[in-house]
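Student: Could we go through this structure together? I would like to ask about it piece by piece.
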Amino acid sequence: MTKQVSLTINGTQVTVPEGTLVVDAAKMAGIDIPVFCHHPKLEPVGMCRMCLVEIGRPMLDRTTGQVVMENGQPKIQFMPKLETACTNRVSEGMVVMTLSDKAKDGQQGTVEFLLTSHPLDCPVCDKGGECPLQNLTMGFGPGKSRFIYDEKLHLEKQVPLGELIWLDRERCIQCARCIRFQDEIAGEAVLGFDERGRNTQIVSLSDPGFDSVFSGNTTDICPVGALTTADFRFGARPWELKAQASICTQCPVGCNTTLNTRREAKSGGDIVVKRVMPRQNEEVNEIWLCDKGRFAYHYAESKKRLTKPLVRKDEKLARASWDAAVKLAAENFSANKKDFVVLASGRLANEDLFNLKSLADTAGGKAILYSDMAGGELTRLVGVGAGTNIGTMGAGDVILVVASDLYEEAPIWWLRVKQAADRGATLIVANPRATKLDRFAKYTIRYAYGDEIKTIHDFEKKSKISDEFAKAKNAIVFFGSDGLGVSGTGALASACANLLKDTEHVGRPNNGLIGVWQRANDQGAFEIGFEPEEDLAKALKGKSVYIVGADPVGDDPNLAKALNGAKFVAVQDILETETTEIADVVFPAQAFTEREGTFVSGERRVQRFYAAVPAQGDSKPDFAITSMVAKQMGVILEGSSPSVVFDILSHSIDAFNELTYEKLAELHGQWPIVGRGDLYYGGTTYENTQGLGVQLMPVAQVEGTVKLSKVRKEAALRPKEKELLAVPVNKLYDLGVTIASAELLEQRIGDVYVSMHSATAKKLDVEVGSLVKLSFDGVNGEAVVKIDDTISTGVVLVPRSMGIAIHEPTLAKVK
Amino acid sequence: MGVFDPLIELSKGLGETLRSFLFEKTVTVQYPEEKRPVHPRFRGRHVLKRYDNGLEKCIGCSLCAAACPADAIFVEASENTDEKRFSPGERYASTYEINMLRCIYCGFCEDACPTEAIVLGDNYELSFYDRRDAIYGKEMLLEPVPSDQMLTPRKVEAGVFTRSVPEMKDPTD
């Protein structure tokens, strides 16, 4: 344990760990020292001079080195001038005075100076109402100014740093929080200062502007209204917004979010989500949120929302009553019990998936997870132990990322892994091509597509890397689907699980396997017993299919063909898709913003989300629709209360260990302190008041041991001399339904592309930027060529969900 | 008491009536043909003011709604461009509604307004057939433009109207 140090702040005795900054020590004791440039997550710089306080230290006798005593008390020697509380670390016996006349005078002077070049346009500023400068001016300012108004500095007010973030140069107080966030935390130094003195300004150093997926966070920590988001620009005043806790649905990290809602005229006076803000959960997303999570929420309000049940009549879909639609589906499912298939995706909540699985089980059907990734049964066995917090990993620990581009697949994991590496953890990145994480890796292993299993098996051999992995205090393995499909990821997961078990990195906190799944609740689906299918088209053909939260027809022409040959198709979704067009029955479901439920994150944390806006049309929550269908089929499932469904779920699945909604809503103290009352300190991130969730224990942790089956030796698909192998990779901003509705992100989605080695391009006689025709396995597509010389030759990378249906490595032709 | 005393008293009274009829100004106002002027600080139905150049004073800051004790005001803001300018500066009110049934005419909105855009006028004739009609929109509240060239939104010279709030003057002046 770190050494504790005692000091006195404003007459109160405070004991904090050695090395704490005075400003943080005061905050821990509930004393507010005003700050602008200091942020508890950033390194101190002492740029704004707002935290000026009087600091005294015990006087030491020069000859003996002993503390000089006076009237039985140590004699305190104060510095002649004020000191910054954000750059001074605590020392034993220190005396700090934050409210003395001298300190107050210093703080008032700083505020007065800052306001000399601040426009005071609070009425039109998006930050007005949740602005540290406003609050600290009221709390610590002089109340009046001696400044000559004619000398007020006028600068540009609308400077787009990128298409997502706007800068108002007048409002900037040059605290550099945004620059430092990008440097220190995001590790992408795309912002910087330009010029000097009063002309100092923030500029974007990248092309395109502000090229970072974490850019939205700078608007949270900006202590003034200098940085605002294009998405929320003039959206509402902060005090008019209601806040409701939610969970981000974009990736398996499970970032905690707060949905801010308000009535909106253009939506006909309906209550809508106005913005998505991060919500503190130090074990998941800390106080950050990636831009995809922040800006891609618009799909729930899309005009394409389904609002009424539809039934096919005379080749056309026509509106029908719930009763008629449910009855039709139930009759068809009952009539084809042997051929009943439930196809559901990880976009659904646990409650929905549990009801679907129960229905499939009792009706004798099959429950298939719509995913390109397998290995969920292994994360159940050797997933990370309960108590895992990547934020506590550091020197002596190892993180291995294999076949995953975390930056594109799960940005907040990327951020946390990068920071663990900064703290001294050994990062090993094994990937067939260069990724943004390589820069922070101690070891980078580059293998050819198809060699994933071999690469993991090499860890069993003696080498510097495998030694370090085996001897690590803690080790976590992230495995993804870069260049892999269902069978490939299944085999890779198995290899990783065996490696972890052999090196005894299972069943403990900060140890185990994490799947970088494609959707937010894939882990939950695996827990409930869903399995992906290697040959999905075959599994659907001629069946009676109940598709929930997925668009197989739009995703893949082969699946479209299979579903056209299905006996009966019922589709349950929130949006009109190409799959709903071929359906016999369509059920309108509620979006995650409109209902309650739970997700299981990739780190196996069960977290609750709450209803923030009223449901659209006649839509119902997925679990309720399933229960209606089940009732018609003679199966009784809970359909009214999500918490009751969850109770049944947690009593029937061991891993959930009788969890309840109440337990998921429990809180414990978190550091740093953030929230509405502490805007100046932590930024506008919301405090967590609605639950931190509970991490599930993997079998290895419950039982102490675990049995793993041997790794399936996959015959890796490798391109021969004249062949070309198309492999799937993942892209953050793709054309998936959950992103495509966000107009702001359109620019970041870009064109459909394929990338390959320059030698491959030469061989195929195609040029950079040219349009090529790609065909494989019944799929045809056009894409622009990109060159990446870190890819092995004979391979062409095809991003998933970008218009060309690819699920697993396959031989292709390029023209 | 004499017999005629009541008559004397009666004629005294009638005399007073006659005097006031002949010599005093009439108090009764023939409303609605005739209207009595209101006091200078009378608080009637709101008006959204314009600058002399016709641009709207309202910048959609929603401080009136924040100050409103009856929650009668709803404001939504949007962004101005020089091509389509409603008000000076970046921001204008794209939606501005006051529910006149909720309003208590306290005038807090006037006090809160940083641009003196909302003013409680002298109109007290508010009646509706439908509760929905009691919600006055921006088009009803905005005062008419002085001339047709001054309609909003309108195209203006770029870079002229950059400030939402009129420049603060040096307090020592």
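Student: In what order do the elements of chain B run from the N terminus on?
Tutor: They run α-β-α-β-β-α-β-β-α. Helices (H or I, at least four residues) and strands (E, at least two) are DSSP runs, numbered from the N terminus. The model is a predicted one, in which local features need pLDDT of at least 70 and side-chain atom pairs count only at pLDDT 80 or more, while totals for chains, interfaces and linings use all residues. Residues are numbered from 1 along each chain as its sequence is written, and chains are lettered from A and ligands numbered from 1 in the order in which they are written.

Student: How many helices and strands does chain B have?
Tutor: Chain B has four helices and five strands.

Student: What is the radius of gyration of chain B?
Tutor: It is 25 Å, whereas a compact globule of 173 residues would have a value near 16 Å. The radius is taken over C-alpha atoms, and the globule rule is 2.2 Å times the number of residues to the power 0.38. Along the principal axes, the C-alpha atoms of chain B fill a box of roughly 90 × 45 × 35 Å.

Student: What share of chain B is buried?
Tutor: Buried residues are 25% of the 173 in chain B. A residue is buried if 20 or more other C-beta atoms, placed from the backbone, lie within 10 Å of its own.

Student: Turning to chain A, which domains are assigned?
Tutor: The assignment gives domain 1 (4-116), domain 2 (152-301), domain 3 (376-516) and domain 4 (725-814). Such bounds come from an automatic or database domain assignment.

Student: How far apart are the C-alpha centres of domain 3 and domain 4 of chain A?
Tutor: Those centres lie 26 Å apart. The contact takes 16 residues from domain 3 of chain A and 15 residues from domain 4 of chain A. Two residues are in contact if their C-beta atoms, placed from the backbone, lie within 7 Å.

Student: Which helices supply the domain 3 side?
Tutor: Helix H10 (406-409) and helix H14 (486-502) of chain A each supply at least two of its residues.

Student: What is the order of the open sheet of three strands in chain A?
Tutor: The order is E9-E10-E13, with antiparallel pairing. Two strands pair if DSSP finds at least two bridges between them.

Student: Why is one side of E9 and of E13 left without a neighbour?
Tutor: Strands E9 (159-160) and E13 (227-229) of chain A stand at the edges, so each has a single partner strand.

Note on methods. A residue is buried if 20 or more other C-beta atoms lie within 10 Å of its own, exposed if 12 or fewer, and partly exposed in between; C-beta atoms are placed from the backbone.
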